[in-house]
Each structure stands twice: as structure tokens, then as C-alpha cells.
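Thanks for coming, everyone. I have one structure to walk through today.

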Amino acid sequence: MSALVAIVGRPNVGKSTLFNRLVGYNKAIVDDQPGVTRDRNYAQVKIGGKPVTLVDTGGFDPDLKEGLTTQVREQTLMALEEADLTVFLADGRQGLSPHDRDLLDILRRSGRPFLLAVNKIDGPEKETALSDFYALGVEPVWPVSAAHGYGVRDFIDHLAGLLPELEAEAPPADRVRVGVIGRPNVGKSSLVNRLIGEDRTLVAETPGTTRDPVDVTVKHGGRSYLLVDTAGIRRKGRVSLKLEKYSIMRALKILERCDVALLLIDSAEGVTDQDAHVAGYAVDRGRGLILVFNKWDLIKDQRTELKRVKAALDLKMKFLSFAPYLTVSALTGLRTGRIFGLIDEVFAQYSFRASTGRVNRVLEQAVQAHLPPYVGRRRLKFYYGTQVATRPPTFVLFANRPEKVHFSYQRYLANCFREAFGLDKVPVRVLLRPRQKQER
Ligand code: GDP
């Protein structure tokens with residue numbers, strides 16, 4: 001489970017430069033997966049050996065100009081609410097601004113862990129610019145140059161030390177962890193209430209301070225489901241929730257802890273770019289995903305609308321054609337009862353395991369049915385494969401020239417596994433590796 005670290009600060013202080021440098025210094029974790037989220041606002045990295053989801057909040061408003069202080073305040077509030085650690089970045093060349101003071105005030109009052117770094121300090125001689133910052137009484141102040149690297153290593157070491165020890169959460173053996181995500185007002189809390197329904201025996205699993213996630217167990221048809229972080233969903237009326245682009249941070253956090261995500265989409269509004277974006281993130285994190293078109297009660301011409309839904313999925317969510325979808329109304333209860341069955345189905349596939357024998361039979365047949373291409377004078381050769389992980393099912397195939405395997409052939413092989421193992425509703429990963437040298 002990775003910690004969420006968010007970089008906040010005024011426009012043009014160098015947030016994205018620092019983000020890129022932190023990503024550059026700290027190897028991305030999933031480096032051979034063709035990720036679907038193309039924006040550079042989030043990255044999965046390892047810092048001091050710990051997995052971290054790094055968020056550049058500046059990326060939410062790339063064109064934000066100096067002066068729009070409310071926006072930056074909202075970003076900061078949202079980061080404080082969601083992140084395990086917030087990095088406040090100021091501009092050492094411009095010096096301390098009243099707006100910085102205001103933001104630092106928010107950070108201090110929150111009682112949440114944060115770090116103060118001052119950027120554009122390109123060498124020790126520039127550190128005199130820091131005196132105003134030292135006078136703030138926030139200790140320590142980290143002078144850095146995101147562009148040139150000065151001070152960044154020390155800063156990273158310190159940051160690594162502050163990262164909370166997030167234990168890899170052992171998934172409960174008997175329950176599937178379900179996350180409900182989506183833009184503000186799509187009906188997340190209405191759906192959660194609907195799923196909880198008449199079950200008055202529900203127990204909050206984790207101590208419910210306002211910050212900590214509150215998980216709720218729901219029983220349905222003799223099975224148990226763990227709805228994760230319902231506090232985040234049901235907490236209402238926070239200023240920081242007004243701007244929908246910042247709600248992505250909450251989705252990231254919930255995706256960190258669930259097996260199957262229900263992505264709610266407002267049927268009346270259709271699939272928005274942000275919906276597609278969050279769906280892409282769910283896929284990158286390798287989660288099971290169900291697209292739930294809510295507020296279906298508001299749709300008059302349902303047949304036409306259903307066609308539009310399908311067209312939108314083909315257009316905007318081609319990359320997750322495996323994700324099943326459902327049209328429901330959290331308000332009336334229309335088809336919400338079907339959600340549990342679909343979760344079961346997705347979760348069963350998500351937890352699928354195959355023996356190495358079966359994997360190799362499929363691999364052999366796949367290669368025979370569709371021979372891999374030549375690379376130079378030799379044909380690409382696959383030696384053997386094995387399933388290395390589940391949730392999601394992940395297969396490693398050993399080949400003579402793995403780097404030469406075209407993405408389309410990799411996808412073909414993934415589809416062969418999908419078909420052979422009946423994995424039509426979940427992400428399936430196929431990783432390619434060079435054959436290990438035999439010990440003599
Ligand atoms: P959240 O911000 O995603 O948690 O959304 P809420 O659950 O608070 O719902 C936002 C608004 O949409 C509320 O006024 C709900 O009553 C309404 N709403 C939620 N689900 C439905 C639905 O299926 N149909 C209709 N017509 N309204 C809904």
C-alpha cells in the first residue's frame with residue numbers, strides 16, 4: 001500500500017519541476033506496463049524503499065495564473081485532507097509572499113504532517129534568500145533547486161523518513177474490498193446508503209476519527225463485503241469538495257485499498273473526461289472495475305440513451321473494454337441489487353489462479369496459432385510462462401528478445417489468457433522477461 005504525497009504551492013513556484021525530479025530520482029514502480037493515464041500529475045514511485053503515489057496538484061490547473069488564490073487554497077485543503085504527507089513549495093527567488101503565509105497558516109492549523117521546501121535556490125550562495133522563511137518558525141526549511149538538483153537528495157532522504165509506515169494491508173480472507181469512486185454529486189453516498197440498506201448490524205471497522213478511513217461491512221446473500229473509506233464518501237459539505245478535479249485525490253486513495261472499484265457516472269451527464277481519467281487510473285493500479293451509470297431514473301428515452309452509453313464507452317473508455325457496466329438508480333433502488341452479483345463475478349476473476357502447466361499450454365497454443373514475428377534472422381521465441389501474481393492475474397513470459405515483442409503481440413497473448421481462463425471482466429497483465437541464465 002503506498003503513501004499519498006502531494007506537492008502544493010502557488011503557481012510557478014516549480015511544483016511540476018520538483019515532481020519530475022522526484023520521479024526521475026525515484027524509479028517508477030510499474031515500469032513495463034503500458035499505462036493508460038497519460039498525464040503526468042500522478043506517479044507511482046519508491047522513495048527510500050517505500051511505495052509512494054506522488055501527486056502534483058499544480059497539474060489539476062495547468063493554466064492557473066498567479067492571483068487565483070482561492071483555487072490554490074482549495075488544492076491545499078484537499079491535499080491536506082487526502083495526503084499522508086504534503087510538501088509545500090515556495091519560490092526562493094520571489095521570496096515569501098503574503099499568500100504563502102496564508103497557505104502555511106492553513107498547513108500549520110491542520111495538524112497534518114507537511115514539509116516546507118523553498119525552490120530556485122541554485123547553490124549555497126543563494127541561501128541568504130531563505131531568512132524570511134526561517135523567520136516563520138517552521139522547522140526545518142529545505143532549500144532546493146528542482147531544476148538543477150541542488151539540495152534535492154537531502155530533501156528526499158528527509159521526506160523518506162517522514163513517510164508513514166503503511167503496512168501492506170492484509171486483504172480480509174472472507175470479504176471483497178469495494179471502493180465507491182466518482183465525481184462529486186454523482187450519487188456515491190446515496191449508493192453507499194443503498195448498499196448498506198436495512199443492514200443495521202453494520203460495524204465500523206476502523207476507529208472513525210474524521211481523518212481515518214471508516215470501512216463498513218455489509219452482508220448480502222450470505223456474503224460479506226467491505227466498503228472502504230465510507231467516511232470520505234459520506235462526509236459532506238467540505239469546502240474542499242466543491243471542485244471536482246481535486247476529487248481525483250480521494251479516488252486515488254480509495255483505489256489504493258480496494259479490490260473492486262465501483263466508478264459512478266452520472267447518466268444524465270454522460271461519460272466525462274474526468275470519469276475516463278479516473279477509470280484509467282483504476283486500470284493502472286490493476287483494480288477490478290465496474291462502471292455504474294447512476295440516476296438512470298432521470299433518463300426518459302432509455303433505448304437511445306443506452307446506445308449513447310455504449311458509444312461513449314467505445315470512444316472514451318476503449319482501454320477498459322473488459323469493465324462491465326450497469327445502469328442503476330441509487331434513489332429508487334433500480335437494479336442496485338445486481339451490483340453485488342457483479343462484484344462477486346469480477347472478484348472471482350480478479351483472484352484467479354492458474355497452474356504453471358495450464359499457463360504453458362495456453363502459451364504454446366497461442367504461439368502456434370499466431371507465430372511471433374522475426375527479429376533480424378531469428379524468430380522471437382517464448383520459452384515458458386508462469387502466473388506470478390493474482391489480484392489482478394499477472395503472467396510473466398520468458399522470451400529470447402522480450403524488448404522486441406510488439407505491444408500488439410503482447411496484447412494478443414493477454415487476450416489468449418483472457419479467453420482460455422474466462423477472464424473477460426478484469427485487467428490481465430502480461431509481463432515479458434529475458435530467460436534467466438541457467439546455473440552451471
Ligand atoms: P456524492 O457527492 O457522489 O456522494 O452524491 P450524493 O449521493 O450526495 O448525491 C448527490 C445528489 O444526487 C443528491 O441530491 C441525491 O439525492 C441525488 N441522487 C443520487 N442518486 C440519484 C439517482 O439515482 N437518481 C436521482 N434522480 N438522483 C440521485
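How many helices and strands does the protein chain have? It has 13 helices and 17 strands. Keep in mind that this is a predicted model.

Some overall numbers. The protein chain has 440 residues, and 55% of them count as buried. Now the contacts with a separation of 6 or more. Residues 24 or more positions apart account for 73% of those.

On to the sheets. Start with the one that holds β1. This is an open sheet of 6 strands, with mixed pairing. Read across, the order is β2-β3-β1-β4-β5-β6. Its edge strands are β2, residues 42–47, and β6, residues 141–143. Each of those two pairs on one side only. From one strand to the next, the twist averages 30°.

Look inside that sheet. β1 covers residues 3–8, and β3 covers residues 50–56. They pair in the parallel sense over 5 bridges.

F114, L116 and V118 point one way. L115, A117 and N119 point the other way. Both sets are buried. Next to it comes β4, residues 85–91, joined to β5 by 6 bridges. These two strands run parallel.

A quick reminder for the pairing talk. Strands of a sheet pair through backbone hydrogen bonds, either parallel or antiparallel.

Now the other sheet, the one with β7. This too is an open sheet of 6 strands with mixed pairing. The order here is β8-β9-β7-β10-β11-β12. Which strands stand at the edges? They are β8, at 216–220, and β12, at 325–327. Each has a single partner strand, so one side of each is left without a neighbour in the sheet. The twist averages 30° from one strand to the next.

β8 pairs with β9, residues 223–227, in the antiparallel sense over 5 bridges. T217 stands opposite L226 in β9. Helix α10, residues 302–316, packs on this sheet as well. It touches β11, at 288–294, and β12. The direction of α10 makes about 155° with that of β12.

That brings us to α8, residues 247–257. This helix lies across β7, at 175–181, and β10, at 260–266. It runs at about 170° to β7. α8 also lies across β1, β2 and β3, at about 165° to β1. So much for strands.

What about its helix partner? That is α9, residues 273–284. The two axes come within 10 Å and cross at roughly 25°. An angle under 35 degrees counts as roughly parallel, and α8 and α9 are therefore roughly parallel to each other. The crossing is right-handed.

Which residues meet there? From α8, they are S247, I248, A251, L252 and L255. From α9, they are Q274, H277, V278, Y281 and A282. By class, this contact has 7 nonpolar, 3 polar and no charged residues.

I'll stop there. Over to you.

Technical notes. Residues numbered from 1 in each chain as written. Predicted model: local features only at pLDDT ≥ 70, side-chain atom pairs only at ≥ 80, totals over all residues. Heavy atoms only, no water. Axes fitted to C-alpha atoms, helices over the stretch in contact; angles between N-to-C directions. Helix = DSSP H or I, 4+ residues; strand = E, 2+ residues; numbered from the N terminus. Parallel < 35°, antiparallel > 145°, perpendicular 65-115°, else oblique. Left-handed = near helix turned anticlockwise from the far one by under 90°. Contact = heavy atoms within 4.5 Å. Nonpolar A, V, L, I, M, F, W, Y, C, P; charged D, E, K, R; others polar. Buried < 20%, exposed > 50% of the residue type's maximum accessible area, 1.4 Å probe, protein only. Pairing = 2+ DSSP bridges.
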